[in-house]
Structure formats: structure tokens, C-alpha cells
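Trainee: Hi, I'm new to this one. Could you walk me through it?
Mentor: Happy to, let's look at it together.

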Amino acid sequence: MPSVEDKALVGGTKSQLKELLVSSRNLPKTLTDISPIHLGLSAIQRKAHTLRKYKDDNQRYTRAHYLLAGSGISAEEIETDLLEISVPQTLDVAMGQKNYAELSNGIDTYIESKKEENILAAIEQSLTMAAKDFDAYVAQNISMDWNQRKKELRESFDIILNGTSQEPSNELVEYTQFGNASKKFKSDPNLTWSANKPILANRVEFTDVEVSSTLPTNVLNPSVSYALRQKFEEYAQAIYELNAARQNNKPYELTNVFAQITKQANDIKSRQLYETWKILYHLVDFNEPAAFQERKFVKGHDSEVLDSFEAIALRKRIIERSRSYLEQQFMDYIDSIYIRLSNKEESKLNTPETPIVDNVTKVKLFVEHRYKKEDTWKIQNLLFINGLPIWAIIFYLLRAGCLDDALNLTLKNSDSFTKVERSFPTYLKAYVNSSDRGFNQELHGRLINEFNQFFKHMNKEADPFRYAVYKLISRCELSRKNLPYITLSVEDWLWVHFTLCREGTNDDDPIYERYSLLDLQKTVLKLGPDNFNGSFNNPLYLQTLIFTGLYEHAVQYFYSISEIDSVHLAIALYYCGLLRSTTDKSNTTQLLTYRGERNISEINFARLIGTYTRTFKISDPRVAVEYLILICLGGDLPDGRGKEQIELGLSSIRELVLETREFSLLLGKIDREGFRVPGIIEERKNLLHLPDKESFLRKITEQAAIKADDEGRVFDSLLLYQLSENYDTVISLINKLLGDLLASTDLETAIDTPAERAAEGSIISLAERLMKQYSSSTEISGKVLLKHRETCSLLLKMVECRDLFVKQEWEKALKQIGQLDMLPIVAGVNVAVARSKVDVFNSYDESVAKNVPDLLVMTLTCIAQLTYQLTSSEFNGLVKSDKIKYLKEVARNLCWSV
């Protein structure tokens, strides 16, 4: 029970609260400068949205922006990278972007929409799982049922499949639609292309290529956009022109043509590829005669002997051309800066023209622009001679390839050099006048001693450019190839390393003086793309790989970015002999493979081209042929690898013929007189290393026919054998088909209907046309064995007998059978004649011999039917009795022959 004091305390508290409440009501409800604060979530959101509308988007850059820019950090590049990030929108963000009025109901609306979204997602997930379970169940049961059915059919028809024999054989076994197996033509044992994976695979994913997450559309699909389709057509036209030029032994500047195709686009990928084409063009030098263009560097690049003359010459060329390209590129950059700065000065002074200046002036202005801010130099310890930062200017003159200007500047100020630098003009003069930028042994020894004594121990008080110049021309201390206190771009870094590289050094040279292109290649691969693609707007890893001669790695790297461009980069390199190709013996699915003990890098070129043609081989087989022909470019390789490359190319051509079935376009057609008209493949046969028509027919058309016949594509094989001018094989196949057709059709059933016989796929009609066509041409008829022609004629007559028999025209059928002269259908009992027919039976072709039993049944059936008609007729006379007697004697002779 509460005490009296507690009750008094509670009462006092209530009275105080009541007084506060009354006082609060007397307060003013609004103030002149303060808006109501009783706002809901929706009102607060609307207020925030209204305030954001008045934000000034142009004032994005603050003092921090300029501070970062001064330190070499670009805010624009960072902003571009952030915009590239794709973040999935949540429901609240999406709704906020659509309309803020939709959120007027506050948090309840948001929660309700979230709830509905979760319910729909759960329902969708349940439906997806149910569909997958159903598909798996159906697939499993249908597969089991089909396997059981297939087993039953095998047992019923006793079909022997390919590959069941214990010993391998080159003989192919034919399986006709009637289940009769028989041995037929032998394929070339060297053409084992059917045992390998198809080169023209519909879907091949190279396991060593990672698709870029930022560029997911690397796979070719010309139908995606008009721009991609246009690029595809331009590339295809260039390949057609290349093959035409090769066929006519004319020059074709392939890299220049590809560069013009890429130049039209302005995206990052196209810009770096355009620069790559320019580098290759500078390396190859298409100004040389056309005879030296195709596979120009194959001996040097594909050589397994590192110190061979061709290999050393190629590496020297790569170093010199790459360095000169970087120097010219840098000089163009200096010119652009000079023009830009000069235009600013002209606008201030209103001068009409810019005077022509020398390279020293341009480089001096560049050095001031880069290292001088107002009147203060960023590098405090630069050495000045006559007011010039002499060592910095000399360094950048060397960087721009202006060796003569650097020498003239040095000689002009030679009296101003310090005591330890007195010999520098002599060193630089020898360096500039040398063909390989080197020194004789005596002068080089003096330079090394001087460098080790005065300049080796670099510190912050010394001019970093003096150390850099001495190091570059002397190639001293190659274990440390960096230039301290000098900021180098990727291009500068490459130039420094190319300047330090030397090829063809003697084995007697000290190890610390050896630094070759192979060493630089190892360094580049070790660093990887991340160190060369620091800028999103200017990735340089592809150019670096091309600069350093890592062409196989360049193709593999760029394939993950753009398949169409990577394929044509590989084509250009392969054409110039700068790409090694694997023979694909192991059917590898890797794009980049390695060969030999030295792990020589190779590209799976044949499969790369075959994979590229997968999207247009059916719609544009003519274009596909032009690409597949390029596989045979590797036919000049030694040690049998050239023959393997040619066979890979021929295999891909045969696969294309069989897959597209464009026989008339690719292989040619037969005119009305029975002669073959060449197709587009035969027009390019010399590019396939096929010297004449016979080799083309034997290695392309005939082998494709054998493959089609092995796959059971009867009419395709017939047409291919016809195109290969193997007319005897055509008639042999026709005989087999006719024999199988007669043997498999019931005697009481017509072989086919008139409509079926008139159709294009009728074996009987085809046999009649071919026999008529071959008989009218003496040349073709002479290529077909007489026995095969006689067999075909005999089978066609047997078809006529079967037609009369089915129509129950017994007398005509018996007469037609007698004209075959296969059975003893003669008057009188003559055992000798009957036995002679038996002896002749052994000489019949198998397709005829297996139909003789049916012919006997037909003959006896005709005799029985005619005898029944005669005996049941009311007419009596001598003729009737003689006829019955004749029929009985024929039947008796048939019995004797059996």
C-alpha cells in the first residue's frame, strides 16, 4: 500500500506536467524563418530531391582536383573507370529513379513492394527448379529407352558398326540403307583427318583464354551490329584480295590494309590495334620486292637454333625497328607539344607564322614544359651549361633519335664540360658514327672505367640525366637497368631496354654485359598486362608484346578482347612468317601451345581459323574457303611440319565441303555434256600446294567422297565421285544401290511409284541418266570398266522385269527375263545349257548374283500363272498344248540349273 507521502509526491508531479502542457500550448506554432519539422519520410525524400535539382553540375572540380592533376593523377580517368562499373539496381534505387511521387505512401509502400518482389522471386525459383527436374527426368528416360531400342535394332538386323574390329584397317565398310555391309574403296592412309577433332567445330572454347569481364562481346557474331558486320566484310574483302595477289605473285600490303580498316573506329580497342598495325608495318617494310613478302621471316622466327644467322638477324631487326619506331613516336609527341605551345605564344603576340626551328629548340622547350614550373625547376640538381640543362636535353635528343643533333650540341659546348666529362664528346661521337651504336674494345674499356669511377654511385645531388646518358651509351651495370630519379612512361621504359639490348654478342663477353631480346621478353612476360595497362584509356600491353617479338602471346592475349581482330592479327603475322603454328596432333583445345625442350611458343592456327569460320561457313562458304586456304601458308616449314600444315588445310576444306554441301560452288559442277566445270577451290589449288588437277581431285574431291560414303551420305558421295571424275566408282556405287534396292523390295510390291521414280532422289532414274550420259561420251565411257557398265545395264533390265511382274504381265515378264540370258529359258530339255548358265553365275557381280534367286521365283511364278491361264481357258488346240509343253520344259531346265 502506498504511503501518504508517496501519494502526495505523485499528485505534485501530475500538477507540474499539467502546467508544462498548458504552457506549451501557449507557445507560437510557427516562426517566420523556420518551416515545420513534422515531416514524414516521403516529404523528406521530396525535399532532398528538390534540393538536388539546384546542384551545379559544372562545379565538379575543386582544389583537390587540381592538386591530384599536378601529382600525375587524372580525375577524368578515374571517373571513366567508375562509370564503367556496372552495379545492379536495387528496387528502391530503381523506384527512386522513376518517380518520387510513387513513394508518397512512405515506408509501408516500400516494404509492401519488397515483400511482393521476394514472393515473385521465390515462385520463379521454384518454377525453374521444377523445369530442370522435369528436363532431367525426361532426358534420362528417353536416353535409356533409346539405348535399349538401339540395342534391339542391332541384334535384329545384325549391323556391324565401324570400329568394332580388333585390328585397324584402312578398308572402309559401307552400310547402306538396307543393312547390307560390304567392303569398298580404300582411303589414303596418310589422310587420317577423320580420326581428329573437326577443325570447323561449331563451338570451340580455348581453355587457356580468359574472356575479359569488361569486354564480354569478344566472340564474333556479325549479326550483332552494323559496325561489326561492316568490319567483317572489310576483313573478308582484304583476305580475298590477299589470296588473289598471292596467286598472281603480286605485292599486297596486308598490315596497311588492316590498319585502314581499324582506323575508322575510335574506341580504345581499335586505337591500340591501329597502333599495333603501324608497328608491324614498320617492322616488315613492305617496300621490298613482292617475292620476299610472303613468309619473309619464317626461317628466323621458327628456328629452334637460337644462334642461327636468320634468328640473330631477325632479333636485331626487331630491336632496331622497335627502337626507331619509339623514337619517331616520341619526336612526333615533341612536335605536337611545340606546336601547341607555339600557338599559345602566337595568340599572345599576334605573330602571323611560326618560324622553322631545329630539334634542339623543340627538345629544350619540351624539357622546360615538363620539368619547369614558372621559374622553378622540379629537379633542383640539373647541370646547366650556357643556360641550358645540357644533360636533360641530350638525353631527350637521344630519346627522339636525334643523334646528330645531340652530337652537335655536345661539340658546341665541349669546352664547358667539367674535367670528368671532358671525354664525353669523344664517346658520343663514336656512338653516333657506329652502325650498331657500339664502341671498339679500347674506347669501351675507357668508358666503363670512367663510369665506374665517377658516375656509378648515383645520389640525389647528381644530375640524373648525366647518369642516364652515360649508362645508355656505355651499357654499364646491366644488372640495374633502371634510371633513378627520372620518371619513365611505358614507351620510355621500352626504349631504354631496347637501347641496352644487344644481339650476336660473343661467348667471351662477361655475363654482366649480356642483355638480349630474349631477356627482355622474359621480363615482359613476368611483369604481365597489369603493369602495362595502367591507364584504361591507353593500354599498352598488346603493343609491348609486338614490340618485343612475343607474337604468339599477343594473339592469345588479344583473343580474350576481340576474336575478329585477334584472328586477323594472327593472319598478318602468319603471312609474314612471324607466327609459329602447331600441327594439332594432340587435338589440343589450347590456343597457345609449346614445343620442344625450350618450350617454343606456338599458336593453334588451324583451329583458330576453323573456329572463326563457324559463324559464317554455312551462309558464306566462299568467304570461309578464302580463310581456310591460309592454313596452308605453313607448308614451307621443315621436318615434315609443312606437310602436316598442308594436310590440316586440306582437311578443313574437305570438312567445309561436306558440311555446307555447296558442291557446285566449291568443287564445280557437271555440264550437260558430262564434263566438270571447276569450282572456287580448284581456282586456288596452287595456294593449297596442289600442282595440278589430278592432285586436287585425289586429295580434295575424292577423299571427301570417301568420307561422305563412309557416313552413309549416298547421293553426296555419288556427286563427289562424279566431280572427281572417278566415273567407274560412280557406276560401281550405282550397281550396289540398284542391287540392294531389288533385293530388299518384296516381289509383290512395286519398287517405287511413278512419282518417286521421276523425283530427283530416285536411284533408278539416276542410273538411267548416267548410263545414257556416259555412253554418249567416248572419253567418259573409256574410264568405266566394261564389266561395271554391263552390270548396270543388266540391273536396269531386271528392274524392267520386276515392273512387268508386279503388273502381272506374265508373258512379257517371262520374255524380258529370257532376254537377260541369265536363266536357261529354252525349249526342250537341255542339261548342257542349264549347266552352262550355272558356270556363268560365278562371274556375275555381287549386286546381280544376290538377285538371281528372286529372278528364279519370278520366272517360275510366270510359268505357273501362264500354265494356269492356258489350262483354265476353254480354247483347245495344238498351239495351246505346245505352249504348255514349252512352259513345262522351261521349268524343268530351271530345276536342272538349280
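Trainee: How many salt bridges does the structure hold?
Mentor: The structure holds 32 salt bridges, a salt bridge being a side-chain nitrogen of Lys or Arg within 4 Å of a carboxyl oxygen of Asp or Glu. This is a predicted model, where local features need pLDDT of at least 70, side-chain atom pairs count only at pLDDT 80 or more, and totals for chains, interfaces and linings use all residues. Residues are numbered from 1 along each chain as its sequence is written, and side-chain values use heavy atoms, with hydrogens and water left out.

Trainee: Which residue meets Asp335 in a salt bridge?
Mentor: Lys362 does, at 3.1 Å from N to O. The pair links distant parts of the chain, with Asp335 in helix 11 (residues 309–349) and Lys362 in helix 12 (residues 359–371), 27 residues apart. Helices here are DSSP runs of H or I with at least four residues, strands are runs of E with at least two, and both are numbered from the N terminus.

Trainee: Is Lys362 buried or exposed?
Mentor: Lys362 is buried, with a relative accessible area of 17%, while Asp335 is partly exposed at 21%. Buried means under 20% relative accessible area, exposed means over 50%, and partly exposed is in between (1.4 Å probe, protein chains only).

Trainee: What does Lys364 pair with?
Mentor: Lys364 and Glu368 meet in a salt bridge, 2.8 Å from N to O. They are four residues apart in helix 12, so about one helical turn separates them. In general, an α-helix has 3.6 residues a turn, so residues three or four places apart point the same way. Lys364 is partly exposed at 28% relative accessibility, and Glu368 is partly exposed at 23%.

Trainee: And which residues are linked in a network of salt bridges?
Mentor: That network links Asp302, Glu304, Arg595, Glu602 and Arg641.

Trainee: Switching topic, where is Asp463 found?
Mentor: Asp463 is in the loop between helix 16 (441–455) and helix 17 (464–474). Asp463 is buried yet has no salt bridge. The nearest side chain of opposite charge, Arg466, is 6.5 Å away; for charges, Lys and Arg count as positive, Asp and Glu as negative, and His and the chain ends are not counted.

Trainee: So what does Asp463 touch?
Mentor: Leaving out residues up to four places away in sequence, Asp463 touches Asn381, Leu382, Leu383, Trp391 and Met458, where contact means heavy atoms within 4.5 Å. A polar atom of the Asp463 side chain lies 2.9 Å from the backbone nitrogen of Leu383.

Trainee: Which residues of helix 16 are buried?
Mentor: Leu443, His444, Leu447, Ile448, Glu450, Phe451 and Phe455 are buried in helix 16. They cover an arc of only 165° around the axis, so they sit on the same side of helix 16; the arc is that of the directions from the helix axis to the C-beta atoms. On the other side of helix 16, Gln441, Glu442, Asn449 and Gln453 are exposed.

Trainee: What do the buried residues of helix 16 pack against?
Mentor: They pack against helix 15 (424–433) and helix 17.

Trainee: Last one: how many helices and strands does the protein have?
Mentor: The protein has 39 helices and 10 strands. Of its 898 residues, 44% count as buried.

How values were computed
Polar contact = N/O pair within 3.5 Å; in protein donor to acceptor, adjacent residues only side chain to side chain.
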